[in-house]
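Please look over the following chain before reading on.

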Amino acid sequence: MSPTDRARAVARRYASAWAADDLVEVLDCYADEFTLHYFGSNPFSGDHIGEDAALAVLLEVGSRAPRRLVSVDEILAGPDAAVLVAREEISVGGADPPGSSDLALPSR
């Protein structure tokens, strides 16, 4: 299996686990070097490098704005990483405005 195929397979496994709400499988997909980037100007903006840092910020964001996966719209893969383009519903203060996020998932 090529590195690109391997990255795509991990991303597909992640997307399936996320859609099934299988947290154990989701967490198993994160590589040690996983990096999460939040755009914009907010308390979470910037790079969160490494599995521990990325998971910590995901937990904090989730506690402030619970979210629900609506769909995974695209999986892009290269030899070093895969990217999921996902649509989520995000709840803030009881409101349910739709939102979207992009997730970069380095292959394991």
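## Strand S1 and the basis of the model

Thr35 lies in strand S1, where helices (H or I, at least four residues) and strands (E, at least two) are DSSP runs numbered from the N terminus. The model is predicted, so local features need pLDDT of at least 70 and side-chain atom pairs count only at pLDDT 80 or more, while totals for chains, interfaces and linings use all residues. Residues are numbered from 1 along each chain as its sequence is written, and side-chain values use heavy atoms, with hydrogens and water left out.

- Thr35 counts as partly exposed because its relative accessibility is 28%; buried means under 20% relative accessible area, exposed means over 50%, and partly exposed is in between (1.4 Å probe, protein chains only).
- Thr35 and Leu55 are 20 residues apart in sequence, and their C-alpha atoms are 9.6 Å apart in space.

**Overall make-up**

- The chain has 3 helices and 5 strands, and from the N terminus on its elements run α-α-β-β-α-β-β-β.
- Of the 108 residues in the chain, 31% are buried.
- Among contacts between residues at least 6 apart in sequence, 41% join residues at least 24 apart, a contact meaning heavy atoms within 4.5 Å.
- The accessible surface of the chain comes to about 6,400 Å², of which 55% belongs to carbon and sulfur atoms; accessible areas come from the Shrake-Rupley method with a 1.4 Å probe, and for residues only the protein chains shown count as cover.

- Ala7, Val10, Ala11, Tyr14, Ala15, Ala17 and Trp18 are buried in H1.
- Seen down the axis of H1, these buried residues fall within an arc of 165 degrees, so they line one face of the helix; the arc is that of the directions from the helix axis to the C-beta atoms.
- An α-helix has 3.6 residues a turn, so residues three or four places apart point the same way.
- Asp21 lies in the loop between helix H1 (3-19) and H2, and Asp21 has a positive phi of about 60 degrees although it is not a glycine.
- Most residues other than glycine have a negative phi.
- Asp21 counts as exposed, because its relative accessibility is 71%.

**Helix H3**

- Helix H3 (residues 51-64) has 14 residues and reaches 20 Å from its first C-alpha to its last, close to the 20 Å expected at 1.5 Å a residue.
- The buried residues of H3 are Glu51, Ala54, Val57, Leu58 and Val61, and because they cover an arc of only 140 degrees around the axis, they are on the same side of H3.
- Asp52, Leu59 and Ser63 are exposed on the other side of H3.
- The cover over the buried residues of H3 includes helix H2 (23-29), strand S1 (35-38), strand S2 (46-49) and strand S3 (67-77).

**Nonpolar core and Val26**

- The largest nonpolar core has 21 residues, of which Tyr14, Trp18, Val26, Tyr30, Leu36 and Leu84 touch the most other members; such a core is a set of buried Ala, Val, Leu, Ile, Met, Phe, Trp, Tyr and Cys residues joined through side-chain atoms within 4.5 Å.
- H1, H2, H3 and S4 each supply at least two residues of this core, and H1 gives the most, with 7 residues.
- Val26 is found in helix H2 and is buried, with a relative accessible area of 9%.
- Not counting residues up to four places away in sequence, Val26 touches Tyr14, Ala17 and Trp18.
- Val26 and Ala11 are 15 residues apart in sequence and 9.9 Å apart in space, C-alpha to C-alpha.

**Strand S4**

- Glu88 is in strand S4 (residues 81-90), and Glu88 counts as buried because its relative accessibility is 2%.
- The side chains of Glu88 and Arg67 are joined by a polar contact of 2.5 Å; a polar contact is a pair of N or O atoms within 3.5 Å, where within protein one must be able to donate a hydrogen and the other to accept it, and residues adjacent in sequence count only if both atoms are side-chain atoms.
- Ala86 is also found in strand S4, and Ala86 counts as buried at 3% relative accessibility.
- The C-alpha atoms of Ala86 and Val70 are separated by 7.5 Å, the two residues being 16 residues apart along the chain.

Conventions: Expected span 1.5 Å × (residues − 1).
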